[in-house]
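Hi everyone, thanks for making time. Please have a look at the model on the screen while I talk.

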Amino acid sequence: MYRFVLKRLVSGVLLLFVITTVAYLLLYSGSGDIARRIVGPTATDAQVAMKASQLGLDRPLVVQYWDWITGAVTGELGRSWFNGQLVSTGVSSRVWVTLSLVLGATIVAAFISVVVAVWAAVRRGWIDRVVQFVGVLGFAIPGFLIALGLVSLFALNLKWFKATGYVPITTSFGGWAATVTLPIIALSIGCVAAVVQQIRGSLIDALRKDYVRTLRARGLSFNRVVYKHVLRNAGGPALAVLAVQFIGLLGGAVIVEQIFALPGLGQITVAATGQGDIPVVMGVVLATAAIVVTVNLIIDLAQGWLNPKVRLS
Amino acid sequence: MIDAPPALPVTAAKISLFRKLVTHPTGAASLLVLFLVALASLLAPVLATHDPNEATLKDVLAKAGSGHLLGADSAGRDVFSRLLFAGQFSLAGAVVALAVALVIGVTAGLIAGYYGGWFDAVSSWLTGLLMALPGMVVLLAARAVVGPSMWLSMMIFGVLLSPAFFRLVYASVTAVRNELYVDAARVSGLSDFRIIGRHILTVVRAPVIIQSAMVLGIAIAIQAGLEFLGLGDRSIPTWGSMLNDGFINIFKAPALVLWPALVIGLVCIALTLLANAMRDELERSSGPVKKGRKAAAATAAADAEGAAGKRGDAAVVHPEEPGTDTGELLLEVTDLGVGYDQPDGSTTHVVNHVGLTVRRGEVHGLVGESGSGKTQTAFSILRLLPQDGRITGGSIFFEGKDLAHLSEKEMTKVRGKRIAYIPQEPMSNLDGAFTIGSQLMEPMRVCLGISKAEARKRALVLLAKVGIPNPERTFNSYPHQISGGMAQRVLIAGAVSCNPDLLIADEPTTALDVTVQAEVLNLLRELQDELNMGVILVTHNFGVVADLCDRVSVMQTGRVVETGPVRAIFNDAQHPYTRQLLDAILEDTAPRGQYIPATGTAQLAKPQELKGVTS
């Protein structure tokens, strides 16, 4: 078990290193004359050169990269080129908004998926067909269209929720819940659609297994066998899909944050992208990659818990 | 020219897939929607009422109707015309992403799958890397460098999407690469290029087409998302940028969001439904094997029924031996019928008018070849028939209650505690996710209502009792860590753990090694003696019957053809089928019948299914 965790941890850190390195090299070498872009087309060459040396852009790329990576290890990610704000503060103050959205959507989706999938797999018949058809629709419609629909229906027409704004969970839980409910619903619908299909399929497979009959023959009720044994065996593939969906949700959150005006990672990403503020973009890439690596690690550990064969190999 | 004949079936297959899609309800509707959207976009210059970029100040946010079919946007541009022209750019952008993904993914998948080696390792690793970050974040980062060009964004997205094709092609190619016909092609001197083109591309073509529809939908969605964020090229109309304009003015003109959202949603849904329809149709057209198997099963069942009808004579019943019927009557099955509901509404009967009795302390053997209905009879006593299977008639009296008509809740109380079950295949009957110990304790705690500590103590005693050398270690093991013989002992321990009155053992030794078989049979006999249980022993092995049973029922095609005390059956078999089974025994102690030529009745006996004899 110990070795299993260590192995996953090392491969996660390695992945993080590779992603940030590739991103850094591509972003900095692809940006052309950065100093010129910052000071504007009317500036003199001397002004451009001064800006470049001020930002350290006149040094070789490898040296700049070394600076960045040694800084990154200590949590120091440089400053924004345009407003001079520390990248680490900008990212860390927003990452929790995005994380609470995405984690909330994942948990909601996992819970709903299990209930609906068990329902469809056990009952079959028309319930199963309806679930499958709705699943295809939910999977096909882009998440931000669903978000737009929710805004216009519940916020603009019915006025149940405020359309925009954010209250931190530390200020007021009720206020936080009211501001993230619609975004979480918008994000989780597509996720539910994908995960339900997966769990339903693995449940139907698992229900046909011999041990289901044997456990029932020992006097366990059908529901107990389904919820304790069948679900646990169907859980592995479901978790894998959930992990893939989680990565997609991080992307979807960018747009959903924009629609609901939530101060998350998406907001600074869009702003930095429009300006070409590379240090901030790098900070976002690092934060996203770190989240993905962490979640994959957690999922791996959960897989090991669900399936003893994974743990022991 | 030489290539022409083999090429024919390929086009035929293509045409037939298209034809099938046209008759598939959602497939046809999706195709129609996509065709109309594509056509409208192509004919934009003809259909449009305005120049899509012509801004008229007086028409800003104009309502639908007044000179503008669907109104005008925040710059006074005609929404209808923009929608048409935007179709050109949005669809073309998605096609660019698809093309890039196809070229990279399919090529890399073919090379990595066919040649393997370092290219395989590198591309698989790259695939993992590409899929580690959300596409949206990568696109935004790229946008910071390459600027707002939609075409460049879509090319980059194509690279990000290429793993979808890479994985698909890679999996198909590695599966096909070692097929015999590919080997044959290689041996006959075809170049790799021709083999890939002829044998491998044909395999991956259909899944790639399906995946393409999905990928197009994703590309349209993500492109619309980028433009919606306001990060797109403002000089060209796209559905996403129209959505952006509409969202900014959502309070002033809510309808502006509606039209582009409707088009994007429709196209995405149509593409997904189309992919699903294609998958359905391909599965159906590759399904004759499945259909054939089902049809064969139906015919076999019908045969069985017919045969049962023909040989509907009453079973041969041997008289009781004096002094044997002393035990209390535990189970009395009368006139039992089991049927499976077919999709066409009919019912296939697999067990007809079966009757049998079990007394306390008695072992009743249920003998017959595979498919004779003995396992179905056993499952129906437990009320654990597979899905679609049900008891069609008769009664199963156990302690004065008719199990055939008991509620599921009542039945749960009977299972485990009163009637227990030992399965045939030990490994697949243990849940691999839980330890042996937890699987033994759970039913005991539910059925007997005992504490965890007590259940643990009892489980260890049981494991020792069934002859497991180190009960503590096995208790803490997972099923994949123990041998098949051990697993069967564990299942026997589980079956007797709640002191049942009746034990149903379904070929408990068939899956085991010969030496282990003898040990397990001895164990069963000991436990039966000790606990004074009634036992139904399902087997196709007369050696086992001779060893363990007090009474035998011989089943053929869903009926009991002969029943009686074991001695009577062995010494005085009346039914020809019973005699055939007895004659098939190769053991020295049992009588070996006359040699029967391989024609006529001997074929019916299917001796290959009556594997040797144990003990």
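First, the ground rules. This is a predicted model, where local features need pLDDT of at least 70 and side-chain atom pairs count only at pLDDT 80 or more, while totals for chains, interfaces and linings use all residues. Residues are numbered from 1 along each chain as its sequence is written, and chains are lettered from A and ligands numbered from 1 in the order in which they are written.

So, chain B. Its secondary structure comes to 23 helices and 11 strands; these are DSSP runs, with helices being H or I of at least four residues and strands E of at least two, numbered from the N terminus. Of the 615 residues in chain B, 47% are buried, meaning that 20 or more other C-beta atoms, placed from the backbone, lie within 10 Å of the residue's own. Taking contacts in chain B between residues at least 6 apart in sequence, 71% join residues at least 24 apart. A contact here is two C-beta atoms, placed from the backbone, within 7 Å.

Now the sheet. In chain B, 4 strands form an open, antiparallel sheet in the order E3-E2-E5-E6, with pairing taken as at least two DSSP bridges between two strands. Which strands stand at the edges? They are E3 (347-359) and E6 (401-402) of chain B, and each has a single partner strand, so one side of each is left without a neighbour in the sheet. E6(B) is joined to E5(B), residues 389-398, by 2 bridges, and B:Phe397 stands opposite B:Asp402 in E6(B).

Over to chain A. Helices H9 (residues 210-217) and H10 (residues 222-260) of chain A pack with their axes 10 Å apart, at an angle of about 135 degrees. The axes are lines fitted to C-alpha atoms over the stretch in contact, and angles run from 0 to 180 degrees between N-to-C directions. On the H9(A) side we find A:Val212, A:Leu215 and A:Arg216, which meet A:Phe222, A:Val225, A:His229 and A:Val230 in H10(A).

Finally, how many residues of chain A are in contact with chain B? There are 57, and they touch 55 residues of chain B. H10(A) gives the most to the chain A side, with 10 residues.

That's the tour; over to you!

Terms used: Buried ≥ 20, exposed ≤ 12 C-beta atoms within 10 Å, placed from the backbone.
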